[in-house]
Amino acid sequence: MADHTVTVSRLEEVVSTADEFDRVVSQALPVLLDRATGYTKRFLRETGQWNDDIEHEKFALRWGSEYLERFMVCGRSEVPCRPLFLFDSLVAKQHSKPEPFCYHPDLLRPLGRFLDGIVARAVVSRDALIALYHHSYGWGAGEVIAVTGLNGLESQRIYKNFRRWRESGWQRTMDEIGLTKTELAELAGQQQRHRQRFNGEAERLIRVAQAHYRKSEPDHYPCLSRPQWREMFAQGYGCDYRIWHLALCLDCIQTAWGLGSNGSLTEEKPRLELLVRP
Amino acid sequence: MGYEEDLEAYRSQLLQSLSSRPNRSVSGVLDPIQVYVNERRVGELEGAGMDATLHAKSLDHIETIQLRTEDGTLLGGLVASEYGYRTSRIQLSSDAVELCVHNTAQGGSLSAVFIPKPSFWSRIWSRMGKTLTDVADRLAIRRPDAAIAHSMRTVAFTQALLAVMVVGLVLDRVATWMGPEQMMTTGIQPEALRTVSVTEMEKLEQQLGELARMQQKVGEALDFQQKGMAQLHLSMAKLSSSQESVASKVVMVKEEMEKPQENLEPETARTTPHHPANRGVVDQEQLEVAIRSLTEDNAKLSREVASLEEHNQTLAAKLHTASVNASKAVDPNPERLLATRGDVARTNQSLQVAESLQNSPMQPFLFWVTFSEGTSQESIDQWVHEKKGHKGVLNEGWQEVRIVPPAVPPDRFLEQIRGEKIVKAARIPE
């Protein structure tokens, strides 16, 4: 308790340099994480979205950690400052935005957490974005390149994205969303036992997550009609648009199906076939 | 695993992940850096060892900038100011990204420049010129905008001179080693040549070491001088704040003196005649107190300026000595040494010119003077004109005079003044 008080009082004092900021904040990570988690809990309570269960507790912890990570990086540029007050203002600023995070009661269960976690990660990580094609449709790098109609240089990046995701990205994302090995095994079991029902539920939930996180796309890339997609593929522009939007929109992947492969993809339009493992 | 343990394990995992965030060197050096504005991706910076830029405009105010690797690792970020410019240099292992955000009422714009790790030769060159660059930076800090161009020219000239000296020295050594006598005896006395070369090299190393020490000393001296200038700026800020407070008091007093006149004019008959007069007296006293404090501050500042000026001259002399010694250490050729001395003298001259430019907008030096009986007003005016000063108020025979701060300390200046024929007495305001 005494240590806690000392840490808090140190955080209330002015820090003058970025190094000092790093030192003070790194010594107070547990205090700051609990603080951000507490604020998130209060926000959920005040907006009628709170339940006293482990899923909500984990959700609050996850977002507390997210805010703390941003604070650790951006706060360095705010010196001289009082870290505690800066941290409070940063969290308050996040919570003053409309829909600061993607909340849906079904997204707090293991399947929902998995989907919410990888879609949220896709917004900030190109590796996760490319891996989303794999987790949603079971595609490998070659199929992603064909579907999105990428050129040679971009293709190399897709292979690297896949490799990094397999090596570390997937595990890190699972750790961040707090999915245990038991929960992952349970998901795999459900998929084997009730494949159709499992994929149907996954499709319903991934639409909720995608609708929320698509707002984070560059300039809100909107959904396009098939002629518009065709023109984009034919002219060869909008490479980023294709990669980002098609990964995050189940409807548009069906609309644009076959345009990037010059007719080489003869299969039926893709349907969600969730893969839990990378 | 129970509820509490599960939660505690998750919390520990998050804390561990936060405290061991990988940097870009771990994540992949050549991958592009993803740039996010207000948590939306706006583009990427190529990080393949080339300069890359990204410009982004937003209709909304830019609040945050984030730089991430392709695997999503947060590398750096910036919280933009609500209006105006905000710049930041984010160090990524050995590379860096310079961010410049500009927020206006119409929206925000971002400019991001990727600066790769400098090449080997760039590092060598920058290390050679580091001390001189430091000098240039300090001079740029010390001087107002008008003098920056001049100081930069001086620094560029000095750098060019240093480069020429180094090249000349190398050529000289090469010529000595590869001269005709040496060429003739190369096959005969290789051992002797090796000994001579090693000796020469050691000597050269010693000289370079000495040069480095000299440069360090110069750097320290300039640091000290910079601190002095910072103190001066602080004093000037204090003075200007006190001036502002005096000005505001004067305005307040004027307003208050006008108010009673306006309010009381229609009802003069009903009010007591003593009240406005008393208030006027009180206000005048306040004004006098304020003026007194201002003159005190002014005198303090003048004293500080004089002491800093003296210190400046000492440092300039030290710089001169250090430069000459450094030149000696580098080049034993007396002809080149003479040329170097000339250049150093020119550098010092330009320094003095820049300092005089810097000194010109300083606060005036204020003193009081009484003149001998029978001195005509014309003589007084002429005397003030000779001093390039301005007359202030006349109080009980004491004439207030403001002049450009003298080059000598105030006490010495007053002695000089007192020695003049028409001056009876002179003093600095207490």
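Select chain A first: it has 14 helices and zero strands, where helices (H or I, at least four residues) and strands (E, at least two) are DSSP runs, numbered from the N terminus. This is a predicted model, in which local features need pLDDT of at least 70 and side-chain atom pairs count only at pLDDT 80 or more, while totals for chains, interfaces and linings use all residues. Residues are numbered from 1 along each chain as its sequence is written, and chains are lettered from A and ligands numbered from 1 in the order in which they are written.

Staying with chain A, colour the model by burial: 38% of its 278 residues count as buried, a residue being buried if 20 or more other C-beta atoms lie within 10 Å of its own, exposed if 12 or fewer, and partly exposed in between, with C-beta atoms placed from the backbone. Among the contacts of chain A with a separation of 6 or more, 73% are between residues 24 or more positions apart; two residues are in contact if their C-beta atoms, placed from the backbone, lie within 7 Å.

Next, show both sides of the contact between the chains, to which chain A gives 31 residues and chain B gives 27 residues. On the side of chain B that touches chain A, at least two residues come from each of helix H1 (3-19), strand S2 (40-45), strand S4 (64-68) and strand S5 (74-79), and H1(B) gives the most, with eleven residues.

Now select S4(B), residues 64-68. Four of its five residues are buried, so S4(B) is largely enclosed by the rest of the structure. Strand S1 (residues 33-37) of chain B runs antiparallel to S4(B) and is joined to it by four bridges; two strands pair if DSSP finds at least two bridges between them.

Finally, move to the open sheet of four strands in chain B, which has the order S3-S8-S7-S6 with antiparallel pairing. Its edge strands are S3 (52-58) and S6 (84-92), each of which pairs on one side only. S6(B) pairs with strand S7 (residues 95-104) of chain B in the antiparallel sense over nine bridges, and labelling Ser88(B) will show its bridge partner Leu99(B) in S7(B).
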